[in-house]
Amino acid sequence: MTGLRYVYAVCRPVGAPLQAQLTGVAGAPAKMLQHHGLIAVVSDVPERDFAEEPLRARLEDLDWLAATARGHQQVIDALTAVTTPLPLRLATVFRDDSGVRVMMEEREEFFRRTLDRLEGRVEWGVKIYVEPTGEETAGPDEAAKPASGRDYLRQRRMKARAHEDSWQRAERFSGRLHSLLSEHADAARLHAPQNPALSRASGQNVLNAAYLVPRARSEEFVELVDRTKDEEPGMRVELTGPWAAYSFVELPEDAADTADAADTDAANGARSAGGGTGVGEEGS
């Protein structure tokens, strides 16, 4: 089967070629496709995996999806180190270079406007987790054995009260930190808390936020987050980045609809690996 074109991002021309050893999705080398002063970063991918029907099936394979997200992110990271990319959704695929150019032609105004807005900026992610306290997690062997039904109910109330107090502190701390960090960012986005079964992180995620920060102020932003890490007992603050500004690229709903586009929720969750979500595929 012939190859398709996988598109990672759109950016302005960079002063140096991509790393010769840089590989992306399916182990294919990334290359630059120029059009009207913009660059689409692409690689060839096989139809057997990325044509519309097989892609839908592949997106149900979590191991394959994770490997694809890593390859996608590897290219985006390399671009972020040398320029400001506008990352496209995970698994944005077109039949050939002509299809990619048609997409760029139709979205040229959007790409230029968004690149102007993101220029010189990166995304930092901040998460807050509540670690369970001893009172909340104590099992029957660790807690005093209740002498009566009244004692049992008292222990249950104490455990529930400790849990409620912990969450109230977490909400106050999260709100305070988000307000502070938003003041030091050009834009901020709140995401839904991560599912612990998917993230495999310990504790309960109570803040999952992204901040758009100028590169020149990133060191100051990181120091600001670091100073909060021990501020509240039982709260864990995690900082990730710098990333390409995934959370601040608002693609038009039909941005990947050049031909017979297919959108699917099966790619959701890849963002936790640093990638975007969704699928845009030109008719195969």
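pLDDT is the predictor's confidence in each residue, on a scale from 0 to 100. The model described here is predicted. Over the protein chain the pLDDT averages 81, and 75% of the residues score at least 70.

The highest mean, 97, belongs to helix H9, residues 218-226, whereas the lowest, 38, belongs to strand E10, residues 280-281. Where pLDDT is low, predicted coordinates should not be read in detail.

Backbone geometry was examined next. Most peptide bonds are trans, and most residues other than glycine have a negative phi. The bond between Gly241 and Pro242 is a cis peptide bond, with omega at about 0°. Pro242 lies in strand E9, which spans residues 235-243.

His36 sits in the loop that links strand E2 (31-35) to strand E3 (38-46). Its relative accessibility is 44%, so His36 counts as partly exposed.

Ala91, likewise not a glycine, has a positive phi of about 65°. Ala91 is placed in the loop between strand E4 (86-87) and strand E5 (92-94). Ala91 is buried, because its relative accessible area is 1% and buried means under 20%.

Terms used: Residues numbered from 1 in each chain as written. Predicted model: local features only at pLDDT ≥ 70, side-chain atom pairs only at ≥ 80, totals over all residues. Heavy atoms only, no water. Helix = DSSP H or I, 4+ residues; strand = E, 2+ residues; numbered from the N terminus. Buried < 20%, exposed > 50% of the residue type's maximum accessible area, 1.4 Å probe, protein only.
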